[in-house]
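Here's a quick briefing for anyone meeting this structure for the first time. Take a look at the sequence and the model, then read on.

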Amino acid sequence: MEAESSPFESSEMLASFLASTPFLAESWRACSFANSEAPRSFVAELRGEVGYLAFSGVQAIDRSEPTCGTLMALGECGCRDLFSPLTFDGDGEAEETVKVDAGFLRLFLGFYQRRDLQNQIQELLGNVKMIILTGHSFGATTASLTALWLLSHLQPTASPISVLCLTFGTPLLGNKSLSRAILRERWGGSFCNVVSKLDVVPRLFFAPLASLAPQLHLLLQFWQVAAASPSLEQLVGELRKQNFNEFFSNVMDCAKDAAQSGGGANNSLFWPLGSYLFCSEEGAICLDNATSVIKMMHLMLETVSPASSFENHLKCFEDHLKYGYYTGLLSLQFLKRINTSGLSASSYEAGVFLALQSSGINPQDDNISKPAKDCLQMARHMGRAPNLNNAHLAIRLSKITPCRAQLEWYKARCDESEDQLGYYDTFKEYGASRRESTIDMNLFRLAAFWNDVVGMVERNELSYDFHRRSKWNNAAHFYRLLAEPLEIARYYRRGMHRQKGHYIKHGRDRRFQILDRWWNRRIAVAAQEPQQINNKRSRSRHTSFTQDSLFWAKVEEAKDWLKHVRKERDSNKLGSLLANMKDFEKYANELIARKEVSIDVLAKNSSYSLWAEDWKALKLEFQQPPSDPALNGMDCD
């Protein structure tokens, strides 16, 4: 069965929608101000509840260090922790090497280490609901990396603050793995790159820059001087002395090769990320399919045959500086100038016609319009519409409900059992029995379903707010609280902690990490609502499920610490172990006091109850005069 596709061509409509917001014009105004008034720096502005942080496109150019155009792993240069969601998968190991341009990464790190930037970002975080990071040219790459760092920084806290990166004339930043990692984290909608029809800068990194070095250095000087000052006559004269035919031939050929390679591009090549707003004097279109973006970059540049004369070369050079002009054109009134005569009765064909006009491509020129139509066709969203996928998942969820009911029944039986082991310890001790094998099979079925859900979310096959919807967030949370304790029990029953390390750092499935993140974000957003702040009621009885799905993994670590305490003779290590156990004891007591643990935690023979007894006995031993000098000065009260 063939995949369904959208009956509409919406790229021109999306561009018009973006142009109707104030973000585009305000962002360019901030970029222009940064270029002229804050070279090699940044400016910050507050507009109501929106904060703008603009990085100047005028940056220092070190000709002696040929890092521009060289890809570097994002985890290098001591910045692995800055972008941890992008450099690691859920098991703590890299899925594939995420790389960015080495020169742009070093430029970002120079800004990141500045105290004034850190202070400015903290001030904005405390006063706004949305932060827009923007930049022109090289400043755009710094804005993109700052946005990636900020998204990574805010993710663990589930901050409700929105982050948008809106760039102008940005060079390509990283490889295909970077683009995939951003989509995996559902950050693709946070990046919009405005690219003009003839701007050569976004196409530069398709070509090997070493072969373009002499002309490129002169062009960089031209753009940076022009961005800060309108006096260009002398530089234009210098450009005229150079032969740019080979320069443009290389860029065009490499862009064409990249467009033809499509999805099979090598991971060592540069690759677009986020959405692209292509603008011309006739209008604009918006694409978010990376392969279509590359093809459109090539086709739009081909419309002027830039290798033919210096005048055409100069048009391409100056287009990098005309984003103020283009953002002024992109308004609702601009649609009136589009020729709508002779539109097809088909909504899709009419949309394609308008998109070609808006991108500056003549629909009657078959040499360019035909591959451009193929490019727009490729950008159409294939497969079921997201809402249909949501409905299909709801049906699948109802079909696995019996599996979940089996786990609930099993928990109830364990909690009522005379051996007083509880839910977790019963499954850990008797995993090989027939009853536990049935539970194991239900765990696998539930895991397969939620792995599919997470995969569809990461591939953008579900509605954008899917993971924020109460139905799915509650279902995911319920599954995590019910199933993860048994996954932890299986992990320790099989001795995996001795091979890989403890569960939390080395064994937790990525599925649980993502579902946990969804729930934490919901809690953080709810906490911002005025009616929620003073509406916290204490529980009158214990919860059905322990509210920390990692509780039993923490118990296992505490048991391990207790075992090592009795053998440890190094006073420093012993002090660290005792501090860890005191912290765990405090954490567990707080959960119990708030009645956020299930009754199986307090079962007489549960792992936690036995640990608590052993810990109490150990503290009594330490209260006696120590016979070992290593125990002197240890306070366990």
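What follows is a short tour, from the whole chain down to single residues.

This is a predicted model, in which local features need pLDDT of at least 70 and side-chain atom pairs count only at pLDDT 80 or more, while totals for chains, interfaces and linings use all residues. Residues are numbered from 1 along each chain as its sequence is written, and side-chain values use heavy atoms, with hydrogens and water left out.

**The whole chain**

- The protein chain has 28 helices and 11 strands; these are DSSP runs numbered from the N terminus (helices are H or I with at least four residues, strands are E with at least two).
- Of its 637 residues, 53% count as buried. Buried means under 20% relative accessible area, exposed means over 50%, and partly exposed is in between, using a 1.4 Å probe and protein chains only.
- Take the contacts (heavy atoms within 4.5 Å) between residues at least 6 apart in sequence: 77% of them join residues at least 24 apart.

**Nonpolar cores**

- A nonpolar core here is a set of buried Ala, Val, Leu, Ile, Met, Phe, Trp, Tyr and Cys residues joined through side-chain atoms within 4.5 Å.
- The largest one has 100 residues, and Phe83 and Phe278 have the most contacts inside it.
- Helix H6 (residues 138-154) gives this core its largest share, 9 residues.
- Setting aside residues up to four places away in sequence, Phe278 touches Val195, Gly283, Ala284, Ile285, Leu287, Val293, Met296, Met297 and Met300.
- There's also a second, separate core of 63 residues, and Tyr410, Tyr423, Leu550 and Tyr587 are among them.

**Helix H19 and its meeting with H26**

- Two packed helices are described by the angle between their axes and the distance between the axes. Here the axes are lines fitted to C-alpha atoms, for helices over the stretch in contact, and angles run from 0 to 180 degrees between N-to-C directions.
- H19 (residues 422-429) packs against H26 (residues 551-565) at about 70°, with the axes 11 Å apart. That makes H19 roughly perpendicular to H26; the cut-offs are under 35 degrees for roughly parallel, over 145 for roughly antiparallel, 65 to 115 for roughly perpendicular, and oblique for the rest.
- The crossing of H19 and H26 is right-handed. A crossing gets that label if the near helix is turned clockwise from the far one by less than a right angle, and left-handed if anticlockwise.
- On the H19 side Tyr424, Asp425 and Lys428 meet Trp552, Glu556 and Lys559 of H26. By type, the residues of this contact are 2 nonpolar, no polar and 4 charged. Ala, Val, Leu, Ile, Met, Phe, Trp, Tyr, Cys and Pro count as nonpolar, Asp, Glu, Lys and Arg as charged, and the others, Gly among them, as polar.
- H19 is largely enclosed by the rest of the structure, because 7 of its 8 residues are buried.
- One of them is Lys428, with 14% relative accessibility. Beyond its neighbours within four places in sequence, Lys428 is in contact with Ala489, Tyr492, Arg493, Glu556 and Lys559.

**H26 against H27**

- H26 also packs with H27 (residues 571-593), at an angle of about 145° and with axes 10 Å apart.
- This crossing is left-handed.
- The residues of the contact of H26 with H27 divide into 14 nonpolar, 2 polar and 1 charged.

- Ile439 sits in helix H20 (residues 434-458) and is buried at 1% relative accessibility. Not counting residues up to four places away in sequence, Ile439 touches Gln406, Leu407, Tyr410, Phe427 and Leu486.
- Glu408, in helix H18 (residues 401-416), counts as partly exposed at 34% relative accessibility. Glu408 and Ala483 are 75 residues apart in sequence, but 9.7 Å apart in space, C-alpha to C-alpha.

**Positive phi in two loops**

- Most residues other than glycine have a negative phi, and most peptide bonds are trans.
- Arg186 has a positive phi, near 60°. Arg186 lies in the loop between helix H7 (176-184) and strand S8 (191-196) and counts as buried at 10% relative accessibility.
- Lys595 also has a positive phi, near 55°. Lys595 is in the loop between H27 and helix H28 (607-623) and counts as partly exposed at 26%.
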